[in-house]
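Hi there,

Here is the structure I promised to pass on. My notes on it follow below.

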Amino acid sequence: MGANLGDREATLTQAIAELQKHPAIEVLRCSNLYETDPVGYLDQPCFLNMALALKTTLDPEQLLSEMLDIELRLGRERKVRFGPRTVDLDLLWVEGREMNTPLLTLPHPRMMERAFVLIPLADIVPKGESSGLYERMQAALDTIDGKEGVRFWKTYTWHSASALSEN
């Protein structure tokens, strides 16, 4: 997930809440927040990026459709490729699934090339998980360029709607 317009943290939190509200989606884990330099189109503000682990009964294309709907509800406009956005939700990986359709490619074809993806993802992928994703991510992080453009911003703790308020 990423955002670089408006109240970036509030928008990401709202996107997480929208995902959690869906009856077929459960937010399991959230990474820390990282402020990242833009990639591709450089004339824009820095992003806040994070990664989520979800549990869902939706198939990957249904999940992507819900994610795109959430982007629209949160004001996402697609004017410039890789340009500024209120929120960007990407489906990177679904355990045990590979696919290449007009709507979706899994795993995400560029995720192992992007520090702004791998660093937050490393927060939530368990070491030694069965597919070897963790080890592949660590190998990519050892050689990837652009890590200096990803800066820890703050610890993020997700409290589901059913959690008691800390106030």
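How many salt bridges does a search of the whole structure find? The search finds 11, a salt bridge being a side-chain nitrogen of Lys or Arg within 4 Å of a carboxyl oxygen of Asp or Glu.

Before the details, please note that this is a predicted model, where local features need pLDDT of at least 70, side-chain atom pairs count only at pLDDT 80 or more, and totals for chains, interfaces and linings use all residues. Residues are numbered from 1 along each chain as its sequence is written, and side-chain values use heavy atoms, leaving out hydrogens and water.

One of the salt bridges pairs arginine 73 with glutamate 18, at 3.0 Å from N to O. These partners sit 55 residues apart and link distant parts of the chain, arginine 73 being in helix H2 (residues 60-73) and glutamate 18 in helix H1 (residues 8-21); helices are DSSP runs of H or I, at least four residues, numbered from the N terminus.

For accessibility, buried means under 20% relative accessible area, exposed over 50%, and partly exposed in between (1.4 Å probe, protein chains only). Arginine 73 is partly exposed at 48%, whereas glutamate 18 is buried at 16%.

Another salt bridge joins glutamate 71 and arginine 78, 2.5 Å from N to O. Glutamate 71 is buried at 2%, while arginine 78 is exposed at 56%.

Glutamate 77 and lysine 79 also form a salt bridge, with their closest N and O atoms 3.1 Å apart. Elsewhere, shared partners connect Glu71, Arg76, Arg78, Arg85 and Asp88 into one network of salt bridges.

Best wishes

Notes: Helices (H or I, at least four residues) and strands (E, at least two) are DSSP runs, numbered from the N terminus.
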